[in-house]
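Please walk me through the model shown below, one question at a time, and let each answer close on the item I ask for.

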Amino acid sequence: MSRAENLVTTDWANDNLNTAGLVFVEVDEDTSAYDGGHLPGAVKISWRDDLRDAVKNDFIDKAGLEKLFSEKGIAVDDTIVLYGGNNNWFAAYAYWFFTLYGHEKIVLIDGGRKKWELDGRPLTTDTVTRPATTYTAKDADLSIRAFRDDTVAAIGTKNLIDVRSPGEFAGQLGAPAHLPQENAQRRGHVPGAINIPWSKAANEDGTFKSDAELTELYADAGFDDSKESIAYCRIGERSSHTWFVLSELLGKKNVKNYDGSWLEYGTLIGVPIELGEPAK
Amino acid sequence: MCAAPEQTLDLPPGTDTVTQAVIQGRVLAGAEPVAGAHVRLLDGTGEFTAEVVASPEGSFRFYAGPGSWTVRALSRGGSGQSDVATRYGVYSVDVLVGA
């Protein structure tokens, strides 16, 4: 995996809006953002309404994804061009999720919606419809998903990467500060986790830093290349951003995203928790 | 679950201002609001804490705690930032952006 395979620029996206075989897909934290204007031809997928199971506290299953992609007009051979707001948080989550169900051709627009807007490129409110397909997904690839027991078992043995802000890591905040403080029952972090905020991997315009800068970032923070890794945040979207950096840009092996993240871990009974500032 | 809240200067009913610091204000270019600016909250070390997109009125809001904070706005028209020191309660901070 490399940047050339998985990341495209806004220039490239602009030049390929009408290229056959590409399906532009917007996934935002603010699920109303698409409705106010989107890339020409892009379809909307809501992480909350489309990717989450309506009853079970989990994402949709294989059949659910097949139904969604079929309705959205996405074929197995299409290249999905993903982008979204908030520095691509939920676009990265969708990238991870679509990869988990075996879609092979996906690229992320570097900087996402934010970079597109800062570039002054056009947005449209036109309704986008695509002919339905019959999509067949693969079985879930759990080699890129960590569960709570995996995370507990990883203490002291794997790279545990807490990508939240230092305030959340230390237990001073229960959630990102743009949200009401929706908390797990306890604050803090998984013992032994290293705090490498997702934001350190990105420039102010939402684009990813260079491979050299990213490599130095993780090495300096104590990332051990000889170990398997689990990234977590609060609900799994920021850690998807870091999973993308580690797996898809830097080509690190055996990296899992713990999408249950702190909202689950911090509510478990009896698991160990640490408080305190990140190590300098 | 996580969902982007509406950016207004009217505090939502029931907002806790006793155990948190609410930092809110508007992004302005001169006297004019800057809609759609990307507004981020940085902690006392300059580290990213959160980001929102300003409303059509240029409004933004964060929920933080006691500390030293920087509110930084990025827009097509330029960037700007303001500092604020908080304990608990509501703090109003406008950010001026320019070329």
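**Strands, helices and their contacts**

Q: Which residue stands opposite Leu41(B) in E4(B)?
A: Strand E3 (residues 38–42) of chain B is joined to E4(B) by five bridges, and the two run antiparallel. Here strands (E, at least two residues) and helices (H or I, at least four) are DSSP runs numbered from the N terminus, and two strands pair if DSSP finds at least two bridges between them. In E4(B), the residue opposite Leu41(B) is Ala50(B).

Q: What pLDDT is needed before side-chain atom pairs count?
A: Residues are numbered from 1 along each chain as its sequence is written, while chains are lettered from A and ligands numbered from 1 in the order in which they are written. Side-chain values use heavy atoms, with hydrogens and water left out, and because this is a predicted model, totals for chains, interfaces and linings use all residues, local features need pLDDT of at least 70, and side-chain atom pairs count only at pLDDT 80 or more.

Q: Why do E4 and E7 of chain B each have one side without a neighbour in the sheet, and by what average angle are neighbouring strands turned?
A: The four strands form an open sheet in the order E4-E3-E6-E7 (chain B), with antiparallel pairing. Strand E4 (48–53) and strand E7 (78–86) of chain B stand at its edges with a single partner strand each, so one side of each lacks a neighbour in the sheet. With direction ignored, neighbouring strands of this sheet are turned against each other on average by 20°.

Q: At what angle do the axes of H4(A) and H9(A) cross?
A: Two packed helices are described by the angle between their axes and the distance between the axes. The axes are lines fitted to C-alpha atoms, for helices over the stretch in contact, and angles run from 0 to 180 degrees between N-to-C directions. The axes of helix H4 (residues 85–100) and helix H9 (residues 238–249) of chain A come within 7 Å, and they cross at roughly 65°.

Q: How many residues of the contact of H4(A) with H9(A) are charged?
A: With contact meaning heavy atoms within 4.5 Å, Trp89(A), Tyr93(A) and Trp96(A) are among the residues of H4(A) that meet residues of H9(A), including Arg238(A), Trp243(A) and Glu248(A). Ala, Val, Leu, Ile, Met, Phe, Trp, Tyr, Cys and Pro count as nonpolar, Asp, Glu, Lys and Arg as charged, and the others, Gly among them, as polar. On that division the contact of H4(A) with H9(A) holds seven nonpolar residues, four polar ones, and, as charged residues, two.

Q: Is Trp89(A) buried or exposed, and what is its relative accessible area?
A: Trp89(A) lies in helix H4 of chain A, a helix in which 15 of 16 residues are buried. Not counting residues up to four places away in sequence, Trp89(A) touches Glu29(A), His178(A), Trp198(A), Glu237(A), Arg238(A) and, from the other chain letter, Phe48(B). Buried means under 20% relative accessible area, exposed over 50%, and partly exposed in between (1.4 Å probe, protein chains only); Trp89(A) is buried, at 1%.

Q: Which residue in E4(A) is the bridge partner of Glu26(A)?
A: Five of the five residues of strand E2 (residues 22–26) of chain A are buried, so this strand is largely enclosed by the rest of the structure. Leu22(A), Phe24(A) and Glu26(A) point one way from E2(A), whereas Val23(A) and Val25(A) point the other way. E2(A) pairs in the parallel sense with strand E4 (residues 79–83) of chain A over five bridges, and there the bridge partner of Glu26(A) is Tyr83(A).

Q: What angle does the direction of H9(A) make with that of E9(A)?
A: An open sheet of four strands has the order E7-E6-E8-E9 (chain A), with parallel pairing. Strand E7 (194–195) and strand E9 (255–257) of chain A are at its edges, each with a single partner strand. H9(A) packs on this sheet, touching strand E6 (159–162), E8 and E9 of chain A, and its direction makes with that of E9(A) an angle of about 165°.

Q: Which residues does Val152(A) contact, leaving aside its neighbours within four places in sequence?
A: Val152(A) has its place in helix H6 (residues 148–154) of chain A, and its relative accessible area of 30% makes it partly exposed. Leaving aside neighbours within four places in sequence, Val152(A) is in contact with Tyr265(A) and Val271(A).
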